[in-house]
Amino acid sequence: MKYLTFIRHPESFREIGPPQALMEAMGRFVQKSLQEGSLVDTGGLLPSKEGFRLRLAKGVISMTDGPFIETKEVIGGWAILETDSRSEAVRIAQEFMELHRIHWPEFEGEAEVRPMFDPGMGP
């Protein structure tokens, strides 16, 4: 089963960037996970001031440039996991958050993990 996981946190953490120790630990974690085959792809996102949103409401598409002041939290990064079980996806997400706890003690955020549709699956 494939899972999409993303880390959500206050925009202020995106602006200051993670400590070097966390980046190094995540680099090792990513390499290990790629070698094990549990990580399909991963990436980080720039601050919301670099982005935009398109919204469809009442038949009209509108665009808003970032930053998104009304947003309390932003998605800072994402990963696609491929695991044999939900418990394995939980383990990987917990290990990722543990890296943040150890190497960036003041960090606050959450990892959301969602199963992805496979071809042929229905709602």
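This is a predicted model: local features need pLDDT of at least 70, side-chain atom pairs count only at pLDDT 80 or more; totals for chains, interfaces and linings use all residues.

Student: Why is I61 called exposed?

Tutor: Exposed means over 50% relative accessible area. I61 has 61% relative accessibility, so I61 counts as exposed. You can find I61 in strand β4.

Student: What makes the nonpolar surface patch?

Tutor: F52, L54, L56, I61 and M63 make a patch of about 600 Å². The largest share, three residues, comes from β3.

Student: How do you know where empty space is left?

Tutor: Rolling a probe the size of a water molecule over the atoms shows it. In this model, the largest pocket holds about 560 Å³ of space. It is lined by 29 residues, and I7, M26, G43, G77 and F96 are the closest to its centre.

Student: Which element supplies the largest share of the lining of the largest pocket?

Tutor: That is α2, with six residues. At least two lining residues also come from each of several other elements, including β1 (2–9), β5 (74–82) and α3 (86–103).

Student: How do the residues of that lining divide into nonpolar, polar and charged?

Tutor: In the lining of the largest pocket, 19 residues are nonpolar, nine are polar and one is charged. Gly counts as polar, so G43 and G77, which are among the residues closest to the centre, belong with the polar ones.

Terms used
Residues are numbered from 1 along each chain as its sequence is written. Side-chain values use heavy atoms; hydrogens and water are left out. Patches are made of residues with over 30% relative accessible area and no salt bridge: like charges are joined within 9 Å, nonpolar side chains (Val, Leu, Ile, Met, Phe, Trp, Tyr) within 5 Å. Accessible areas come from the Shrake-Rupley method with a 1.4 Å probe; for residues, only the protein chains shown count as cover. A salt bridge is a side-chain nitrogen of Lys or Arg within 4 Å of a carboxyl oxygen of Asp or Glu. Helices (H or I, at least four residues) and strands (E, at least two) are DSSP runs, numbered from the N terminus. Buried means under 20% relative accessible area, exposed over 50%, partly exposed in between (1.4 Å probe, protein chains only). On a 1 Å grid over the protein atoms alone, a cavity is a set of points where a 1.4 Å probe fits but cannot get out, and a pocket is an open set with protein on both sides within 12 Å along at least five of seven lines; lining residues have an atom within 4 Å of a point. Grid points are joined across faces, edges and corners, and a volume is the space filled by probe spheres set on the points.
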